[in-house]
Amino acid sequence: MKLLSWNVQGAFPPYTPIDRIQSQVQHIREAAECPDIIALNEVSRHRRDVWRDELVSIGYDQIVYTLDWAEELGESDIPPHQDYNHVNGNLTAIHEDATVGNLTRLQPSIRYGPWDGADLKDWDTNLPEKILHAEMELDDQTLELWNIRAVPGSMHGEEKVKILENTFSRIMKGSQTPCILTGDFNSPDRELADGTIIPWRHNKEGDVAKRWVEAELNILRGLEDKGMVDVFRHCHGYGDLDMLDVSHATQTDDPLAVPPEEVQGKRFDHIIASGELNPVDCYYDQEGFGCSDHAPIIAEFGL
């Protein structure tokens with residue numbers, strides 16, 4: 001089973017150029033060879049029909065998304081939503097030739113929980129369209145897939161933390177099946193060659209900074225207690241990996257104009273999956289920088 005996760009840069013401009021979408025779909029078809037599952041972040045709600053038509057044309061006949069949430073919230077003038085642009089959401093799709101099927105979107109309810117030992121509910125984000133929870137059938141069992149995008153903390157403050165906390169808590173308390181978590185986490189700040197994770201705000205004081213660090217470390221490492229592994233690190237380990245560990249271009253205002261081999265940046269995009277799915281390969285497709293400021297991350301599972 002092959003999975004591609006990609007931030008397709010649909011935040012600015014809100015009406016994503018159609019030729020960019022077409023080039024991204026072409027990349028999924030030709031360079032990535034139509035993975036079984038695709039999980040996309042920052043899909044423009046204004047281009048929902050374009051995305052759906054383009055993906056169907058290359059065989060993705062099962063599609064779920066949170067673009068309807070983004071649209072409804074984006075048209076709201078009720079605080080605090082008038083301060084968020086809500087211009088994009090997440091999209092997950094399965095190819096017609098995939099080894100999985102029966103893709104179903106799961107929608108949270110405030111009535112869920114609290115679970116044993118918990119006093120608070122876990123659903124508290126103002127950006128619900130950044131978390132797409134779905135399930136699908138894999139042979140004789142159910143596979144759970146979380147497609148998330150943590151917004152930048154520099155722009156949205158604690159909303160980033162809420163998205164990470166929300167996702168981590170719900171997986172730890174509610175997931176009972178083989179599970180994959182993927183997307184753009186906007187984390188970490190950096191990683192050391194020995195595997196040490198350096199979260200954002202690690203050098204700040206106060207309760208907010210402490211909560212920030214804990215949220216990032218939980219989502220990146222805490223799911224190990226659930227039998228889940230960072231698929232890229234599981235396959236490659238640590239050390240000096242050079243360009244392999246760059247997924248987000250940060251050194252220029254126009255990453256699309258920079259040759260892929262010269263891109264510098266952060267490892268923001270991740271796939272964290274149940275070890276029982278037997279991950280056998282994982283890499284960042286640097287050629288994807290030709291049509292987004294993020295490179296797709298692609299993983300293969302031996303199941």
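Two aromatic pairs are present in the structure, which is a predicted model. A pair of aromatic rings is described by the distance of the centres and the angle of the planes. For F232 and Y284, the ring centres are 5.1 Å apart and the planes meet at 50°. The pair is therefore classed as tilted, since an angle counts as stacked when under 30 degrees and as edge-to-face when over 60. F232 belongs to helix α7 (residues 231-236) and Y284 to strand β15, and the pair links distant parts of the chain, 52 residues apart. Both F232 and Y284 are buried.

Strand β15, which carries Y284, spans residues 279-284 and pairs with β16 in the antiparallel sense over five bridges. Within this pairing, D281 stands opposite E300 in β16. Strand β16 also pairs with strand β1 (residues 2-7), again in the antiparallel sense, over four bridges. Here S5 stands opposite I297 of β16. Strand β16 itself covers residues 297-301 and is mostly covered, with four of its five residues buried.

Contacts between a charge and a ring were also found. The charged end of R105 sits over the ring of W69, at 4.5 Å from the centre of that ring. R201 lies over the face of W212, and the distance to the ring centre is 3.8 Å.

N203 lies in the loop between β10 (197-198) and α6 (207-221). The relative accessible area of N203 is 57%, so this residue is exposed, the cut-off for that class being over 50%. N203 and V213 are 10 residues apart along the chain, and their C-alpha atoms are separated by 9.6 Å.

Rolling a probe the size of a water molecule over the atoms shows where empty space is left. The largest pocket holds about 620 Å³ of space. It is lined by 32 residues, of which E42, R149, P152, M155 and N186 are the closest to its centre. Helix α4 (residues 153-156) supplies the largest share of the lining, with four residues. By class, the lining of this pocket consists of 11 nonpolar, 12 polar and nine charged residues.

Key:
Residues numbered from 1 in each chain as written. Predicted model: local features only at pLDDT ≥ 70, side-chain atom pairs only at ≥ 80, totals over all residues. Heavy atoms only, no water. Buried < 20%, exposed > 50% of the residue type's maximum accessible area, 1.4 Å probe, protein only. Helix = DSSP H or I, 4+ residues; strand = E, 2+ residues; numbered from the N terminus. Pairing = 2+ DSSP bridges. 1 Å grid on protein atoms, 1.4 Å probe; cavity = no way out; pocket = protein on both sides within 12 Å on 5 of 7 lines; lining within 4 Å. Points joined across faces, edges and corners; volume = space filled by probe spheres on them. Nonpolar A, V, L, I, M, F, W, Y, C, P; charged D, E, K, R; others polar. Phe/Tyr/Trp six-rings, centres within 6.5 Å; stacked < 30°, edge-to-face > 60°. Lys NZ or Arg CZ within 6 Å of the ring centre and 35° of its normal.
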